[in-house]
Amino acid sequence: GDKTDTVWCFDAKTGKEIWKKTYACGSAKQNPGPRATPTVDGGLVYTVSRQGHIICWDAASGDKKWEKNAKDFGCKGSTWGFAGSVVIDGDQAIIDLGKIVALNKTTGEKVWESQKEYKAGYSTVTLFEMDGKKCLAAFPAQGLVVIERGTGKEISFYAWKTNYDVNSVTPLYADGKLFISSDYGVGCALAEAATGKELWKNKSMCN
């Protein structure tokens, strides 16, 4: 509804509802409902609401294990709310809230955060290793950023401006390079992960 979010668990074979949990979530611009795909890790499920509720549920029972909010970390969403999903990294749950925040996946306590705050976009982070370092790529409103996991230190940045600040795709990593794409006629690009150097850019793909 306009002022609630609901998490459902269904039997994949029969479609039978196993459990359903609803919680208050204030009205959103233009469209109600969440924007982020739930993340499943072992016996836990992680959801993110448009208003920044980050909730960990027991997958079997639907019991709430813990809840945090983007406001707890001084973060507020962009025009259409929070849309990035949680990504699991070992015992951590990582999410882009404007700051990149890593939480203990079983308690919700903050483990580390990015040293800089970026204007929130709508994308999910991607994890990779580069030169022996555990890194992640995020795609907030200002562009593509590579951060060292554990320290939150920025490794590289590639400026990328989109109408309405809608950077909403997960960056793709391969062979030391990152691919990004945005809609509104902006196009796509490939950049070096280590330096943020643009390798090419065109309008063949707008996502």
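Here is a short chat about strands, cysteines and a few single residues in a predicted model.

Biologist: What kind of model is this, and how are residues numbered?
Modeller: This is a predicted model: local features need pLDDT of at least 70, side-chain atom pairs count only at pLDDT 80 or more, and totals for chains, interfaces and linings use all residues. Residues are numbered from 1 along each chain as its sequence is written, and side-chain values use heavy atoms, with hydrogens and water left out.

Biologist: Which way do the side chains of β4 point?
Modeller: Leu44, Tyr46 and Val48 point one way. Val45 and Thr47 point the other way. In a regular strand the side chains alternate between the two faces of the sheet.

Biologist: Which strands pair with β4?
Modeller: Strand β3, residues 39-41, pairs with β4 in the antiparallel sense over 3 bridges. Strand β5, residues 53-58, also pairs with β4 in the antiparallel sense, over 5 bridges. Two strands pair if DSSP finds at least two bridges between them.

Biologist: What stands opposite what?
Modeller: Asp41 stands opposite Leu44 in β4. Tyr46 has Cys56 in β5 as its bridge partner.

Biologist: And the turns?
Modeller: β3 and β4 form a hairpin with 2 residues between them. Gly42 in that turn has a positive phi of about 60°. β4 and β5 form a hairpin with 4 residues between them, and Gly52 in the turn has a positive phi of about 95°.

Biologist: Which residues does Thr39 touch?
Modeller: Thr39 is found in strand β3. Leaving aside neighbours within four places in sequence, Thr39 is in contact with Leu44, Val45, Tyr46, Ser85, Val86 and Ile88. Contact means heavy atoms within 4.5 Å. The side chain of Thr39 also reaches the backbone oxygen of Val86 at 2.6 Å.

Biologist: Is Thr39 buried or exposed?
Modeller: Buried, with a relative accessible area of 13%.

Biologist: New topic. Where are the edges of the sheet with β7 in it?
Modeller: That open sheet has 4 strands in the order β7-β8-β9-β10, with antiparallel pairing. β7 (87-89) and β10 (110-113) stand at the edges, each with a single partner strand, so one side of each is left without a neighbour in the sheet. Neighbouring strands of this sheet are turned by 25° against each other on average, direction ignored. Axes here are lines fitted to C-alpha atoms, for helices over the stretch in contact, and angles run from 0 to 180 degrees between N-to-C directions.

Biologist: How many bridges join β8 and β9?
Modeller: Strand β8 (residues 92-96) and strand β9 (residues 100-104) share 5 bridges and pair in the antiparallel sense. Ala93 stands opposite Leu103 in β9.

Biologist: What about the sheet that holds β11?
Modeller: 4 strands form this open sheet, in the order β11-β12-β13-β14, and the pairing is antiparallel. β11 (126-130) and β14 (154-159) stand at its edges, each with a single partner strand, so one side of each lacks a neighbour in the sheet. The twist averages 20° from one strand to the next. 5 bridges join β11 to strand β12 (residues 133-138). Phe128 stands opposite Cys135 in β12.

Biologist: Cysteines next. How many disulfides are there?
Modeller: The structure holds 0 disulfides. A disulfide is a pair of cysteine sulfur atoms within 2.5 Å.

Biologist: Last one. Which residues other than glycine have a positive phi?
Modeller: Among them are Asp175, with phi near 50°, and Tyr184, with phi near 60°. Most residues other than glycine have a negative phi. Asp175 lies in the loop between β15 and β16 (177-182) and is exposed, with a relative accessible area of 72%. Tyr184 sits in the loop between β16 and β17 (187-192) and is partly exposed, at 40%.

Terms used. Buried means under 20% relative accessible area, exposed over 50%, partly exposed in between (1.4 Å probe, protein chains only). A polar contact is a pair of N or O atoms within 3.5 Å; within protein, one must be able to donate a hydrogen and the other to accept it, and residues adjacent in sequence count only if both atoms are side-chain atoms.
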